[in-house]
Amino acid sequence: MNLRLGRPRWADAAAGLVTGLFSIPEGMAYASIAGFNPIAGLFAGVVPAIVGSLTARTVLMVTTLTSAVALTANSVFTNAKLDFTTGNIAALAVLTGVVMLLLGVLRLGVVLNFVSHAVMTGFSIGIAVQIIVGVLKDATGYQPQGGNKLVQLGNSLAHIGSWQGAAVAVSAGTVVVWAVAHAVRRLRTVALLAAMVVVSAVVAILGTHVELVSDIADIPSALPKLTLPDWGSMPALAGGSVAIALVALAQAASIGPTVPNPDRSRTDTNSDFISQGLANVAGGLFQSLPVGGSLSRTGVSVSAGAQTRWSGIFSGVWLALIVLAFAPLAEHIPMPVIGGLIMVVGAEIIYGRRRDVALVWRTSKLSTAAMAVTFLATTGLPLQQAIILGAVLSLLLYCVQAARQARLIALVRQPDGKWQTAAVPAQLPSHEVTVLHYGGVSLFAELPRIDQQWPDVTTARSPVLILSMREVADIPSATMMTVLERHAKDLREVGGRLLLAGVNPVLARTLRETRFAATLGPDSVFAADNTVFHALEEAVDAGTRWLATTRSG
């Protein structure tokens, strides 16, 4: 992977401490919400975080349990009709890791590169809204009702009278303390930690009655133990592990663009797939639920001043040390404090995407619609379905944009030998060589547009039309070949010829071995080489010689 560990920095140690503290209530809460033992969510922040940060190419990404992964895992166990035993959880985590490793080794991360910017923007904002809505109960003391996150948000606002005053005061105070600390340049990197410590201390001193971490579950003063997976449950969990892997990887894919590497090094999706796979396999053997790149935990780490991959490593180490030495103390962190700070993190994610939203809005109505649909799907559907919908929308956007960009332009050679673009003639001239350049990817959806631009040949006599195809892939669509064959026959009927220039060498060999070669005639395909316009010049010379032969005959 060619990873550089570098030297740890104090800022990374501080960021790791904040992230480790956050991992206690957040990990336990996510596991508890999904019906799992909260300890499995707690330990998801130890081994997976260390292994993930050691191996990830997105250096600030924190690999741990997310709400989406926890809820998807719950659905997998429900469908498989299996109990939430430690052996079954270990089996699911290991299987999820194996799927991720295979996707990374096979370099299938390129698939996520085809997810459009508009779709990824909608997905990221939807995840941020999920993060915020997911802690509304902690921040307000009221459990919102509803089938999706937007409905739950509306339900919470509609029942503002049911909010618990103490919880709201603590969460609001947390946001205020964070804002004050964040406004001071020297305290900005520790603003989250300052807010957590100060407000937690005030709550303890005043004796304010709010939910604490200890109300979720007791934190054991021990490190995660080696747990072997239940091999017998793996067949039933295999399909579900693929769904969890896709959910986790799609979430993680949004972290790279949102949180670029501080050293400006390039991220690599395939390497991150492998990294998360290793984190799942290792974590599954040490009492962890399946994990993935966490946008919320990464946001906490970055906001706390993370600078290198050491911040994620420290988060796992600090969490282990806190669990060993200060478990009773960590149990006294108020849940409204966590709720307030997680809402800050979610809001920062949305604020950080504001320019992306504006860009998509200005780009096109279709891109805006795709962003909106993906956002609604992310907040209203199971994430695995939202991901599939986003992928389909991205493919549709690509097809539409490719079809719109396809065009024909005329190329006219000037007296000095240079080529100049011109409009495509409506009628193909007789006894002349006409050069057209095809700009497209030979997608079948482009054909109606190309047909509309193709010049009329019915009134021409012995014309030569050269089609420059340098941009066409080596394997064009069958529909495109059928259309070219039809145009070649139309030209032949008026005594003319169609020549193809700048053809990809692989495509040239394919054309010569099919019936299309008989339709074009001999010496009609001129393959591209390293010299620009060389194949076009050859085709023009061949067409000119053919016209001369036709006239003399």
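This is a predicted model: local features need pLDDT of at least 70, side-chain atom pairs count only at pLDDT 80 or more; totals for chains, interfaces and linings use all residues.
Q: Why does threonine 96 count as buried?
A: Buried means under 20% relative accessible area, exposed means over 50%, and partly exposed is in between, with a 1.4 Å probe and protein chains only. Threonine 96 has a relative accessibility of 0%, and therefore counts as buried. Leaving out residues up to four places away in sequence, threonine 96 touches Ser241, Ile244, Ala245, Asn280 and Pro290, a contact being heavy atoms within 4.5 Å.

Q: What makes the chain more spread out than a compact globule?
A: The chain has 25 helices and eight strands. Its radius of gyration is 30 Å, well over the 24 Å that the globule rule gives for 553 residues, so the chain is more spread out than a compact globule; the radius is taken over C-alpha atoms, and the rule is 2.2 Å times the number of residues to the power 0.38. Along its principal axes, the C-alpha trace spans about 105 × 50 × 45 Å, and buried residues make up 52% of the 553 residues.

Q: Why is the pair of phenylalanine 36 and phenylalanine 84 called stacked?
A: The structure holds four aromatic pairs. In one of them, phenylalanine 36 and phenylalanine 84 lie 4.4 Å apart centre to centre, with 25° between the planes. Rings of Phe, Tyr and Trp (its six-membered ring) pair if their centres lie within 6.5 Å, and planes under 30 degrees apart count as stacked, over 60 as edge-to-face and the rest as tilted, so this pair is stacked.

Q: How do you know that this pair links distant parts of the chain?
A: Phenylalanine 36 is in the loop between helix 1 (10-33) and helix 2 (38-42), whereas phenylalanine 84 is in the loop between helix 4 (67-80) and helix 5 (86-105), 48 residues apart. Phenylalanine 36 is buried at 4% relative accessibility, while phenylalanine 84, with 33%, is partly exposed. Phe36, Phe77 and Phe84 form one aromatic cluster.

Q: What makes the pair of tryptophan 310 and phenylalanine 314 tilted?
A: The planes of these two rings are 40° apart and their centres 5.6 Å apart, and the pair is therefore called tilted. Both residues lie in helix 16 (residues 310-330), four residues apart, which is about one turn of the helix. Tryptophan 310 is buried, as its relative accessible area is 17%.

Q: Why does alanine 528 count as buried?
A: Alanine 528, found in the loop between strand 8 (525-527) and helix 25 (534-552), has a relative accessibility of 19%, so it counts as buried. Apart from neighbours within four places in sequence, alanine 528 is in contact with Arg470, Gly502, Val503, Pro505 and Ala535.

Key. Residues are numbered from 1 along each chain as its sequence is written. Side-chain values use heavy atoms; hydrogens and water are left out. Helices (H or I, at least four residues) and strands (E, at least two) are DSSP runs, numbered from the N terminus.
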